[in-house]
Amino acid sequence: MNADRLTTPKEKVQQLQEKLGHAAKENSKRKFHALYDKVYRWDVLCEAWKRVRANKGAAGIDAITLADVEKQGEISFIRECQRELQEGTYHPDPVRRHYIPKKDGKQRPLGIPTVRDRVVQMATKLMIEPIFEADFHETSFGFRPKRGAKGALDRIRKACNRKGNWVVDVDIQGYFDNINQEKLMKLIQMRINDRRILKLIRKWLQAGVMEEGTVRRSDLGTPQGRPPKKWFHITNLSLI
């Protein structure tokens with residue numbers, strides 16, 4: 001990709017991701033030190049906002065919707081996110097607890113961050129994901145870009161065609177509710193040595209969950225929700 005021809009935030013972000021991913025693959029023990037300033041780059045935040053908007057989703061505890069941001073002005077919203085990150089005044093809000101019914105009659109708890117937090121989380125994901133992607137096995141499909149259940153089933157089908165004898169279906173009960181935060185941070189520090197990025201991730205882990213007007217914080221688990229699950233796919237490394 002020719003840098004002189006890059007015109008859109010998406011293209012610029014893709015080039016940056018390719019560089020990070022290549023560097024990570026070149027050296028499996030390399031730690032990345034300067035990532036925080038990339039998170040608040042204008043093109044990165046613009047692409048993060050575009051993806052959050054495309055994912056849709058409800059409002060967080062501040063009741064601000066995606067439509068509200070569009071009405072008030074997307075540019076000013078992104079600039080405010082950038083300013084808070086640059087000045088170090090960004091602090092995430094607790095996620096809003098919401099339950100959705102499961103097929104077995106039980107309810108699955110979800111954590112819905114504010115739109116602002118989702119954008120900053122997405123910007124962070126865009127920068128750290130290529131680094132951790134270099135460390136995953138080809139057989140890992142959970143919460144990875146352009147991968148999903150269909151790909152996993154195709155891999156199983158091919159293995160069975162090669163005279164595989166058995167398949168084991170395993171699910172970890174309450175996985176996201178029971179993730180060891182300290183172990184997660186140690187896994188992240190195997191690749192990320194930028195203190196501001198690490199501090200940012202800790203803030204999200206410790207932001208807590210608001211339910212019925214009360215904020216609950218825990219040293220265990222991560223709030224479940226679409227943006228956090230997208231970039232917390234790093235936790236899959238704990239199973240390798």
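Helix axes here are lines fitted to C-alpha atoms over the stretch in contact, and the angle between two of them runs from 0 to 180 degrees between N-to-C directions. In this predicted model, the axes of H8 and H9 come within 11 Å and cross at roughly 160°. The protein as a whole comprises 10 helices and four strands, and buried residues account for 43% of its 240 residues.

**Overall layout**

- Followed along the sequence, the secondary structure gives the pattern α-α-α-α-α-β-β-α-α-α-α-β-β-α.
- Of the contacts in the protein between residues at least 6 apart in sequence, 73% join residues at least 24 apart.

**The packing of H8 and H9**

- Two packed helices are described by the angle between their axes and the distance between the axes.
- Because angles over 145 degrees count as roughly antiparallel, H8 and H9 are roughly antiparallel to each other, and H8 passes H9 in a right-handed crossing.
- On the H8 side the contact is made by Gln181, Glu182, Leu184, Met185, Ile188 and Gln189, which meet Leu198, Ile201, Arg202, Leu205 and Gln206 in H9.
- The residues of this contact of H8 with H9 divide into six nonpolar, three polar and two charged.

**The largest nonpolar core**

- In soluble globular proteins, nonpolar side chains tend to be buried together.
- Here the largest nonpolar core has 47 residues, and those with the most contacts inside it are Leu85 and Ile192.
- The elements that give two or more residues to this core are helix H1 (9-26), helix H2 (36-39), helix H3 (42-55), helix H4 (66-72), helix H5 (74-87), helix H6 (115-133), helix H8 (181-189) and helix H9 (195-206), and the largest share, 10 residues, comes from H6.
- Leaving aside residues up to four places away in sequence, Leu85 touches Tyr36, Val39, Tyr40, Leu45, Tyr90, Val120 and Leu200.

**Residues with positive phi**

- Most residues other than glycine have a negative phi.
- Lys56, placed in the loop between H3 and H4, has a positive phi near 60° although it is a residue other than glycine, and it counts as exposed at 61% relative accessibility, because exposed means over 50%.
- Glu212, in the loop between strand E3 (209-211) and strand E4 (214-216), likewise has a positive phi, near 55°, in a residue other than glycine, and Glu212 is exposed, with a relative accessible area of 80%.

Technical notes:
Residues are numbered from 1 along each chain as its sequence is written. This is a predicted model: local features need pLDDT of at least 70, side-chain atom pairs count only at pLDDT 80 or more; totals for chains, interfaces and linings use all residues. Side-chain values use heavy atoms; hydrogens and water are left out. A nonpolar core is a set of buried Ala, Val, Leu, Ile, Met, Phe, Trp, Tyr and Cys residues joined through side-chain atoms within 4.5 Å. Buried means under 20% relative accessible area, exposed over 50%, partly exposed in between (1.4 Å probe, protein chains only). Contact means heavy atoms within 4.5 Å. Angles under 35 degrees count as roughly parallel, over 145 as roughly antiparallel, 65 to 115 as roughly perpendicular and the rest as oblique. A crossing is left-handed if the near helix is turned anticlockwise from the far one by less than a right angle, and right-handed if clockwise. Ala, Val, Leu, Ile, Met, Phe, Trp, Tyr, Cys and Pro count as nonpolar, Asp, Glu, Lys and Arg as charged, and the others, Gly among them, as polar.
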